[in-house]
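Let's take a friendly walk through this protein together. Keep the sequence and the 3D view open side by side as you read.

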Amino acid sequence: MDSGPPHEMTAAGLTLREILAFDDSGALRLLLAPAGQDVAVRGVMFGDEVADRPAGAHLVLAVGASTALAEAAEPVFRAARQGACAVVLREAEDAAAAPEVLAAAEESGIALLARAAWADWTDTATLLRSALAYARAGRSGHPVADGTPAGGLSALAASIAESAGGSITIEDTGFRVLAHSATRPEADGIRRSTILGGRVPEWRVAELRRSGILRSLWTSRDVIHRPADGDSPERLVIAVRSGPEVLGSIWAAADGRPLSPRAGEALRRAAGAVAPHLVRHRLHESGAVRRRDHALRGLLYGQGDRRTHAWSLGLAPDAPCAVLAVVPDPAAGSPSSAGRALDVLGLHASAYRRTVLVLRERARLLVLLPAERGRDREALALARELDRVAGSLPGGVPVRIGAGSVAPSALGAAGSLEEAVLVVRVLREREHRGGNGAPVRYAGASGVRTALDVLRVLDTVRPLWEAGGGPVHGLVAADLAAGGELVRTLAAYFDAAGDVTRAAHRLVLHPNTLRYRLRRVRERFGVDVDDPDTRLLLALAVRLSGEV
């Protein structure tokens, strides 16, 4: 492989060498570069896109192929025919590429890379596209304000301060200070403690969370104004974004003099200039984040060496913890709006306390909260706060939040997660079955203990039910195929403890209509609702049918 000096950047794009230089996490490994590392790179695309359009000077992610399979040679040839400059394959467990794949790359003159086993394709694409975006923005000399060319973050902070007429801090989403302007003697105590500590004090983050400033920050694309309050001077803040993703924020504080009338506009312009730098910051942290998620996932699902996972996450293995599961209502809103809601709630949960760990999965959010042994109240308080935030989001998607019991140690987090997921199921079933008042969107395991036990019983007996037969099975199967009228009638009847009038009211029926349906159950299917054993089996069958 070529190891000479990198060529100068040309209009054709960046070089492969420049792209790889951003990957300090080890997510990618260069296997072969027949044409050297200084080939131009224009962009990134997935392998299934190659058949539809040219891949000129693109990195192609060969999703589904493996470096250990001879069949992976075909994606290499196909990408080369379309003009790609490199192919990224999934790393084989033995870390050795098949000779056929290496030969295909050598013959085609195309570079070959392998993706680490712990990184997924989405992470890899994000890493590569972020590297391209950052490098291109850096090369363009994107101005900050008043034509000042972009430099390092510290230079940007100084330039923004001059335009805004105040003190500037640039922070990531964890409220760590990445850069700041010079601190004047008139600076307030909050700024001083933030600069000295390298991050916003936790009490200050909690105050911003309670006041709603953080919720506005995560959801707004404009400058947010915070008036002076006592010893705290006037402040302006804007989120720094890359597309829909929040990367951090820029804060401007008056420091003994009023902020410039142009301060808001200066922050708007600055957000675009700062974004590439925060992308790079995120890029440098991406490997650590993916490894953290790998360890957190292992701890929550009880996989691998849980003790090692806990230590790598900064948790003492014997520290008590509780897990919350946040699940959007699939019947409300689009997948994209649900995803945005989870992103905001994840940021909010992370801001609750520094030790909180958040795992963002495709269709839900998992939150690990270190807690005191036997104290479930804090987990329930966080669930209540997340529910309030979700309800206040613009066009927000309703979510259900389950809080598991506090596990005696971090090694028992999987048990708390199991309870949290069951609590969400309880909330969903209760809402489906109806009732008076607004639906309950969050709960702790201790508050629905009986319902959790019922779900565990149902999950246990489900295989036995599905393998059985008889009149009750025949009734349920035939009625569900016809629309489920009798099953829903039985569900209401059992929920009303056999009170015909109350069950009929719930179904919006005349009581005589409900009695007629119960007779049909006996006459048509030979099922006696008055028999205790039959009634128990019917009640289980109705619950297992999913119609309640």
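Helices (H or I, at least four residues) and strands (E, at least two) are DSSP runs, numbered from the N terminus. With that in hand, you can find Glu106 in helix H3, which covers residues 99-108. Please keep in mind that this is a predicted model, where local features need pLDDT of at least 70 and side-chain atom pairs count only at pLDDT 80 or more, while totals for chains, interfaces and linings use all residues. Residues are numbered from 1 along each chain as its sequence is written, and side-chain values use heavy atoms, with hydrogens and water left out.

Let's stay with Glu106 for a moment. Its relative accessible area is 47%, so Glu106 is partly exposed; the scale used here calls a residue buried under 20% relative accessible area, exposed over 50%, and partly exposed in between (1.4 Å probe, protein chains only). Setting aside residues up to four places away in sequence, Glu106 touches Leu32 and Pro34, where contact means heavy atoms within 4.5 Å.

Now zoom out to the whole chain. There are 19 helices and 17 strands, and 50% of the 548 residues count as buried. Among the contacts with a separation of 6 or more, 65% are between residues 24 or more positions apart.

Next, look at the loop between strand S8 (167-172) and strand S9 (177-180), where Phe175 is found. Phe175 has a positive phi of about 65 degrees, although it is not a glycine. Is Phe175 buried or exposed? Its relative accessibility is 3%, so Phe175 counts as buried. Ala497 also has a positive phi, of about 55 degrees, without being a glycine. Ala497 lies in the loop between helix H16 (485-495) and helix H17 (500-507), and it counts as exposed because its relative accessibility is 69%.

Helix H16 is also the place of Thr489. Thr489 is buried because its relative accessible area is 1%. The side chain of Thr489 reaches the backbone oxygen of Glu485 at 2.8 Å. That is a polar contact, meaning a pair of N or O atoms within 3.5 Å; within protein, one must be able to donate a hydrogen and the other to accept it, and residues adjacent in sequence count only if both atoms are side-chain atoms. Not counting residues up to four places away in sequence, Thr489 touches Leu507, Leu514 and Arg517.

What about empty space inside the model? Rolling a probe the size of a water molecule over the atoms shows where empty space is left. On a 1 Å grid over the protein atoms alone, a cavity is a set of points where a 1.4 Å probe fits but cannot get out, and a pocket is an open set with protein on both sides within 12 Å along at least five of seven lines; lining residues have an atom within 4 Å of a point. Grid points are joined across faces, edges and corners, and a volume is the space filled by probe spheres set on the points.

By this rule there are two cavities of 30 Å³ or more, and the largest cavity holds about 150 Å³. Its lining has 14 residues, with Thr169, Glu171, Ile190, Arg235 and Trp251 nearest its centre. S8, helix H6 (189-197), helix H7 (202-211) and strand S12 (245-253) each give at least two residues to this lining. Helix H6 also holds Leu196, which counts as exposed because its relative accessibility is 77%.

The second largest pocket has about 270 Å³ of space. Of its 17 lining residues, Pro328, Pro330, Pro335, Ala338 and Ala363 are the closest to its centre. Strand S13 (321-328), helix H11 (335-352) and helix H13 (413-433) each supply at least two lining residues, and H11 gives the most, with four.

Finally, the cysteines. The structure holds zero disulfides, a disulfide being a pair of cysteine sulfur atoms within 2.5 Å. Cys321 is buried because its relative accessible area is 2%, and Cys85 counts as buried because its relative accessibility is 11%.
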